Amino acid sequence: MSKTTERATLSIPRDIVSLGDYERVALTRLDHACSEHIAAGVADEHTLARNVEDFERIRIQPRLLRNFSNADTGCTLLGSPLRYPIMLAPVAYQKLVHPDGELATAAGAAAVDCGMVVSTLASESLEDIAQQGPDTRWFQLYFQPDRSATLALLRRAERAGYKALVVTLDAPVSGLRNRGQRAGFEMPDDVRAVNLDGLPKAPQRVLEPTDSVILHGFMADAPTTADIIWLLSETQLPVIIKGVLNPLDALELKALGCAGIVVSNHGGRTLDGLPSSISVLPAVRAAVGESFPVLLDSGIRRGTDVLKALALGADCVLVGRPQLYALAVAGALGVAHMLRLLQTEFETAMALSGCPTLSAITKDCILAD
Ligand SMILES: Cc1cc2nc3c(=O)[nH]c(=O)nc-3n(C[C@H](O)[C@H](O)[C@H](O)COP(=O)(O)O)c2cc1C
């Protein structure tokens, strides 16, 4: 038995029957500052609230008497087979909530055949995670201030068998997560972004006293179109851009040669006042056309949310915070159980809305207001 599975013998409380239950239980078990850091959105959390409210507002229009003899939840996305159109979103520093961190998450995802996107800021090595993880594993890349550092991460991900790159562009500076700040959250010394160890550092930028650390410091290192063109020239892996909310960006990224996009507001953790991902999805889908791969995250908590996202134009959804809550409560077992709950809810939503396959889930499944 691997280190991961050995330690994943935490049991699942009997009253956990939904993703929301994992959140409820995890928030009582985790250290207060840590749970505030994870649950928090940015500033007054209007965007965080909208991520849930906007899903709630959408109503499903069901059909009866559909033929389910060839029912199927599977698809292939950018060459990666998926049993369900559900993957784990990249989530940093998972050792915050469990000693095996991303190793346990990867083992849990593999147990239920769920794809996983591994964060640049993982607290376990991307090679070790690949050993534990599902076959459908993608690497989330944060551009580093030095291109040779970015390239080193890319080459490691390629060698470790990651099948796609998910480049996150919506967080060149950290959002001000006031809830975590008020609770005094600080990253513990033993939880580090180990994959950044030993990478070449960019020369220290010298700022004038009147310069802004944000606008002239961090933003001077933020990726530009030229960086995306460079990255595309350096790899054969499909490059998916995460953090798209504007149809104009979606169009531009498609024209550059990116393989897909993730419609995301980072779980409400970047800029308060952004729209929910689900509310902009139809416009983004209309801009890029039928066949361009579009994923969505931010607020997925129920199988019906998955169905709604697919109906409005997503090919697949990603789940963020619930993986940390499940990991905190029951390690790899918890992650597998949380994903199984979501998969089963999605199957139930397909059955009761009359959609035997993913291609049957169209905007006709949504009741127009
Ligand atoms: C604690 C935490 C850490 C995150 N770390 C990353 C990260 O390293 N890279 C990234 O692209 N997104 C990161 N995200 C954003 C998630 O990938 C995803 O967009 C978001 O959590 C989806 O919203 P949800 O939590 O409502 O499902 C993080 C989110 C949380 C809550």
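The axes of H13 (residues 303-311) and H14 (residues 321-353) come within 7 Å and cross at roughly 60 degrees. Axes here are lines fitted to C-alpha atoms, for helices over the stretch in contact, with angles from 0 to 180 degrees between N-to-C directions. Helices (H or I, at least four residues) and strands (E, at least two) are DSSP runs, numbered from the N terminus.

A note on reading my entries: residues are numbered from 1 along each chain as its sequence is written. Since the model is predicted, local features need pLDDT of at least 70 and side-chain atom pairs count only at pLDDT 80 or more, while totals for chains, interfaces and linings use all residues.

Next I checked who touches whom. Gly303, Thr304, Val306 and Leu307 in H13 meet residues of H14, among them Leu342, Phe346 and Met350; contact means C-beta atoms, placed from the backbone, within 7 Å.

Then I turned to the strands. I found 8 of them closing into a barrel, in the order E3-E4-E5-E6-E7-E8-E9-E10, with parallel pairing (at least two DSSP bridges between two strands). The twist averages 30 degrees from one strand to the next.

Key:
Two residues are in contact if their C-beta atoms, placed from the backbone, lie within 7 Å.
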